[in-house]
Amino acid sequence: MSESVNKAMPSASIKKRQRVNVGIRSVLLHVAVIAVLIALYFVLPEYHSGNLARILVLAIFAMGYNVLFGYTGLLSLGHALFFASGMYGFGLAIQFLDVTASVAIVTGLLSAVAVSTIIGFLALRTTGVAFMIVTLMFAQAGYLTILLFGDYTRGDEGFVIQRADRILFGFDLTQPANRFFCALILFAICLFFVAWLVHSRFGKTLVGIRENEERAEMLGYDIQRHKLIAVIISGTLSGAAGAAYALLFGYAGASFAAVQYSILPLLYVLLGGAGTTIGPLIGTLFMFYLIDYTSEFSSRYLPSDFSSAYMLIAGVALIVLTLYAPQGFAGLLRRKVKWLP
Amino acid sequence: MDFGPYLFAASLEGAITAAVLALTAVGLSLVFGVMRVVNVAHGEFYMLGAVLAWWITSMIAGHPALGFWVAIVVAPLIVGALAMLCDRFILNKINYDPERTIVATIGLLYVIQQSTLMTFGPEARPVEAPFNERIALPWLEPTNAGLQVIWPTGLSTTSYKLFVIAAAVTILLILWLVMTRTRIGLIMRATQLDQEMAQAHGIDVNKVYALVFGLGAALAALGAVLVVPIQQAYYLMGSDPLLLSFIVVIIGGLGSVLGTVVAAVLIGMTDGIVSVFFTPTLAKILATLLVAFVLIFKPNGLFGKRRE
Amino acid sequence: MSLVSTHGLSKQYSGLKAVNHVDFELPKGQVRALIGPNGAGKTTFVGMLSGRIKSTSGSVIFKGRDITAYPAHKRMAMGMAYTFQITSVFADLSVEENIALAARRVVKGSSNVNSKVAEVLNKVYLSERYDQIAGDLSYGHQRLLEIGMGLVQSPELFILDEPTQGLSATEIEGFIELVGVLSESTTILLIEHNMDVVMKTAHYITVLNFGETLAEGTPAEIRANPSVQTAYLGAS
């Protein structure tokens, strides 16, 4: 016995060194991503650096989606509900409870935790296609509920969050620079959290569940518990993005709860690469500009009735990705760079 | 109007909703039953049927009825052919993988919807009914002298509305005969039961799938052509039928055609009555929650049998 | 005291009695083979032991506790391990990660996991292939990988459902050797069709036929049992 262990030792120590390298590389990669984002802010013209804050917030949404879709293998069609929980948990608290922004962020996060716990608890009784339809239906019910209580939520029209309420720890977030760095800090927190999560025992078990649920169960893992926690983490990250959106851009509206906002994170993640830490950012960046150019084009040449025309691009992108590149950009990159987290 | 005649009028309207819904939902159910595919773009095929009906009737000069009769044949055929192309070049390419199919049909939904917006425009456009005589309806009123036939003012329907109900029933009957009595129906059912076995018996499963997907879409389009003289064609008109079809198919038991028809009648008939008591938004919230909870707690539908 | 026992354990599939009232005792440290013709209910029986299949009636006692109502993962966490009849590995993950997934539930700390994984990889002859994708392995190697996944959990009861199916003659030799080593530290329940493997590894044999216990005894007793010969051995 001891002899065989000794024989295995050299290879184990080599592997250990490799593993440490992977850990360092992964940290370096994520630090580099943040550094590039900071550089971009100073290099890019004002219009694009303004967009960057919005992209970062949407990328947090996509990262949240990715925890469930990319790492756990659960395809939800109802993440707009979690985004909206954070957004309205934040916005309604400011509007009606007269609290400060930092308190409202907490209420936003708490409402996302509560909603994702309930939805997770119910929806996880189903699998596969039924799970997709159930999440879609709950999100639709949530969207309609926002419309139903239009007296408070102002429905599709939404409401503006006043400048006075958008001050966080003394920083006025209506200032572009403050807004960008606030978005960046939030993004960085979420990015490092997700990178840590997927490297942890829990994250690796999620991948095991994605790959072979039955086998994971027979290794003694409580599948339902893992999935529920994954839904809650995913929903809370999405809710954080929703609250951040309301805080940074001063607006909450029912359109963020509509079905398009459940489809968009799926699209971002598919495009960027499901089950990779940087995929969601890449996907959001590309899709944002694709949609931005289309809307600019359509608003210049088409009447305002055609404002949803960008969804045509989204539709084409969905079909093309499903057909030809189900792994997305980062997935293709991973074929060359195996250690990509 | 008294409550009795009012309820009668409401259930007649409900019967029209039920008839069109049954056609649309059976299309969705057939596709799910045979191919195990959830077609999220189903509502858009419905919408295309209505838009094509407008397009065809506005192209054909002469008697308005002529355009309609051409439309009711041609529009479903075009939609069915388009759906077969989608099957061939999209669904077949991803091997009908359930999750990827849903993602792809969501893409299809937006492509069809937005392309229609760009070509057809954002307006709602009417289609003239081929015939539309007003028919007053009688009501039996209990009086001192026993039951008496009265003709309450406002209690009426049109010949076209009655035609819609009759046409839908006829089409469903034909479909039932095709499914149970013909070779093609047998092939479809064999494929539904066991795809690999069907393939082993020399059935070209790819062809059957294309045909079923086309047929499902054509049924939705047919429902839309029937309803468009009552409702007008509009590029966003596909979302409500999609939701209602989902409800019907899920409550009726996924893939069960008979369950689907029963559920369609039930939902269609109650739709009008429910909206009397609730705001439309609240009614929709309840409907979506109903779908979710049926899937969670009774995954084989309210009438479905338990499968081991 | 027995490690695992069942009392009147039964499974009924809409009228069909797959397993009928089986009383079963497996003492600690034994290598037990479960044999019987196809459709005798062997896989259903171990499925009910491991919790993959819900029993219709009867009870399962493991380490003195009634675990009949426990879900599978809880039973595994109590010290069982299970390998599937049809090989079930994490096909898109590396060999090393497959074993590590099994190890992480039992062993805490990444350096402990790594050394445990290396140890087990060596035992199941897969050290050289640690970075290969599991799905790319040959069938025999996948079976070994699955045994490794059970092994790394240091189970008290190791259930193997037809582990030698599809293995080459040399791989079977290796497996028999492996069971010999394993039996020093764990109790093994083995469903097996290959009589050579059964006779070489098992201390004791239970024969199932039509969902019921037909006979129990040492390999020599079973070989000599006339009703077993007619039901099973004679047929092959």
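Tutor: Leave aside residues up to four places away in sequence, and Leu147(B) touches Leu140(B) and Pro142(B); a contact here puts two C-beta atoms, placed from the backbone, within 7 Å of each other. This is a predicted model, in which local features need pLDDT of at least 70 and side-chain atom pairs count only at pLDDT 80 or more, while totals for chains, interfaces and linings use all residues. Residues are numbered from 1 along each chain as its sequence is written, and chains are lettered from A and ligands numbered from 1 in the order in which they are written.

Leu147(B) belongs to strand β3 of chain B, residues 146–150. Helices (H or I, at least four residues) and strands (E, at least two) are DSSP runs, numbered from the N terminus. Leu147(B) is exposed because 9 other C-beta atoms lie within 10 Å; the cut-offs are 12 or fewer for exposed, 20 or more within 10 Å for buried, and partly exposed in between, with C-beta atoms placed from the backbone.

Chain B also meets chain A: 33 residues of chain B are in contact with 34 residues of chain A. On the chain A side, α5 (128–148), α11 and α13 (310–324) each supply at least two residues. The most come from α5(A), with 14 residues. By class, that side of chain A has 25 nonpolar, seven polar and two charged residues. Nonpolar means Ala, Val, Leu, Ile, Met, Phe, Trp, Tyr, Cys and Pro; charged means Asp, Glu, Lys and Arg; the others, Gly among them, are polar.

Just after α11(A), Gly273(A) has a positive phi of about 125 degrees.

Chain C has nine helices and ten strands. Its radius of gyration is 18 Å, which agrees with the value near 18 Å for a compact globule of 236 residues; the radius is taken over C-alpha atoms, and the globule rule is 2.2 Å times the number of residues to the power 0.38. Of the 236 residues in chain C, 48% are buried.
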